[in-house]
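Here are a few notes to read with the model open beside you. Take them one at a time and find each spot as you go.

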Amino acid sequence: MPLQKILFKPGVNRENTRYTTEGGWYECDKIRFRQGNPEVVGGWEPFSAANYLGVCRSLWNWVLLDGTNVIGVGTNLKFYIEQGGLYYDVTPIRETVTLNNPFVATNGSATITVTDASHGCVTGDFVTFSGAVGLGGNITATVLNQQYQVTVLTDNSYTFTATATANATDASGSPGGGASVVAAYQLNVGPAIPVPLTGWGAGSWGQAGTTWGNSGTSTSPLRLWNQNNYGEDLVYGPRGGGIYYWDASSGVGTRGVNLNSLGGTVTFTNASPTVVTSTVLYTEGAAIQFSGGSLPTGVTAGTTYYVFQVNGLTFNLLDGGGSEVNTASTGSGSVSLIVDVPTKQNNLVVSDTSRFIIALGCNDYGSATLDPMLIRWSAQDDPYNWTPDPTNQAGFVRVSHGSEIVTSVQTRQEVVVFTDSSVYSLQYLGPPYVWAPQLLGDNISIMSPNSAVIASGIVYWMGVDKFYAYDGRIQTLNCDLRRFVFGDLNQEQALQVFCGTNEGFNEVWWFYCSANSTTVDKYVIYNYAEKVWYYGTMERTAWLDSGLQSYPIAAKYDATTVTGNLINHETGLNDNTTGTATAINAYISSSEFDIGDGHNFGFVWRVLPDLTFENAESTPAGALPSVTMTLYGLANSGSGVTSTASQPVAKSNTYVITEEFTGMIFTRMRGRQMIFKIGSNQVNTCWQLGAPRIDIRPDGRR
């Protein structure tokens, strides 16, 4: 018989049996499609030699006014600004207190016990001490005055492991440290992975699948960060936590601070009513509190007052009863709290051109309780002003379909808002409505806060059992891997699902935990240009496309060292994660094919490869890059493999053409049905498959 081309449809299909999907691809790893043909994905290497603490779940890239390219890196333990390959800790301070002789040391131990009434820590939190004096021995002031990670004992005490071992002198000098020990507590750390909870209080009352009066299971929250740049500054915060502001002009050595504490300084005149002059412009009716300086008689620190009769940067005050505030002296101070700024949020957006900060899922005015369906926004171009007034555009709206806002994606003309059961379009209309939601679709799910992304103007996301796209209308994506992916996804770890774009290859990547894993170990890719799917294995925790970077960037975590680092993708040919090149194990195998409808067995005696090794290099040992082509023969679909023929196909250096490879493979393989596989596991190797041919002839019916 004449030579027969082996041509398969692009993409991988696992929705049917291997024989039903004849003419297509069935399995793969580390493979993508270009112009319908499979090839190896690009290599990866460390972004820099530096590491950060914790599991990174959030990356955001922007450029400062001086041209510095920076990345916000949010982990379960810290928040960093990456600059020049180094990670600068800008985790906000939760509380600062002064302690009196809080340290107790034990002879022969590096464990120091700290007493602090109502410290508010959880195990793993970070605290930085300053102003301490030594205990008299090895535990010197230098040892004490630094950052430590704590282990909580009680609500009033915790321990940390010092950088030196205490001796008898330190023990006898305990409790010690001096009367002016300053403890600066960073934000509470969050879980690295969701932990399934069981027992009373773990799930909702009467939860499906449980007996009457018994709760089911739930999972602890995962530490996820929301972040967006506001000009060159950064607005950020943990999901369910506050809103923090990092001022780029202060440099990477300055931590972010709570947005509601950026009220500026004020002076008071001795008048009835008093006239307040501020460095920050406030809206009529704004609720504020004062502290510090020398407050005048008639104004009390920590009391809420309301801005009244605003005239530029000057205004009067009303107390809680609506009476004008009079003072008996002049004074000065600072606005310690802007009361109307949200103190809790589940998602943050900075509208790109109109410069509003939008909190989606936040606390209401005058309440500390998070309303998961409430949307609030600041005044335009004013991040501190959240009090609605006819003189500004601050405002709020509550959506009604669903139980919580999960996430949002900003597009060219709208913000697409996802609740757990519906999708809204939030659009800027201008006064008086300012921002208005419109329901786009109901009974639509989303897997996690990080499972939606925009690519080429279309929003893509993973639901709890299917994939979706929104390009002006919501549609279900036809997915040839739907059953394969969702049947092998650990639903208890759904919060870990995240996605990102790889625009250079027209791809959207979703990363997820497979059924038996509690860490991300698999991915699925949708190529929106060729409308095909493929998948593979890879351990990553966050993704950032290459818009402002040379390469796409992913985050990787090392559980042994409890550290992570960023990885440049699509660079080189190898896995250079550790600095030593290792091979990328890439392969793809076909569905079953046969002669005609399989009436006869087929006998293959030679294969003519067709592929390119363009850009591949020789191995360090001088070996030419190669792939292995394998044909598997089956008597029938249920028989298993009965015959195998496998041969290497190496790059040749004897031809001056692009496609340089072994010219012909001679083999002996027999089967009623066959599977074709090509793979490589060698450093410096890349390849793209073309249209190989096999010489196959009928060889009987049994």
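Which residues lie on one side of β21 and which on the other, and are they buried or exposed?

1. First, some ground rules. This is a predicted model, where local features need pLDDT of at least 70, side-chain atom pairs count only at pLDDT 80 or more, and totals for chains, interfaces and linings use all residues. Residues are numbered from 1 along each chain as its sequence is written, and side-chain values use heavy atoms, with hydrogens and water left out.

2. Now the answer: D233, V235 and G237 sit on one side of β21, L234, Y236 and P238 on the other, and all are buried (under 20% relative accessible area with a 1.4 Å probe, protein chains only). Strands here are DSSP runs of E, at least two residues, numbered from the N terminus.

3. W225 is opposite P238. The hairpin leaves 2 residues between the strands, and G231 has a positive phi near 65°.

4. Then turn to β22 (residues 244–246), which is antiparallel to β21 over 3 bridges. Here V235 has Y245 as its bridge partner. This hairpin has 5 residues between its strands, and G240 in the turn takes a positive phi of about 85°.

How values were computed:
Buried means under 20% relative accessible area, exposed over 50%, partly exposed in between (1.4 Å probe, protein chains only). Helices (H or I, at least four residues) and strands (E, at least two) are DSSP runs, numbered from the N terminus. Two strands pair if DSSP finds at least two bridges between them.
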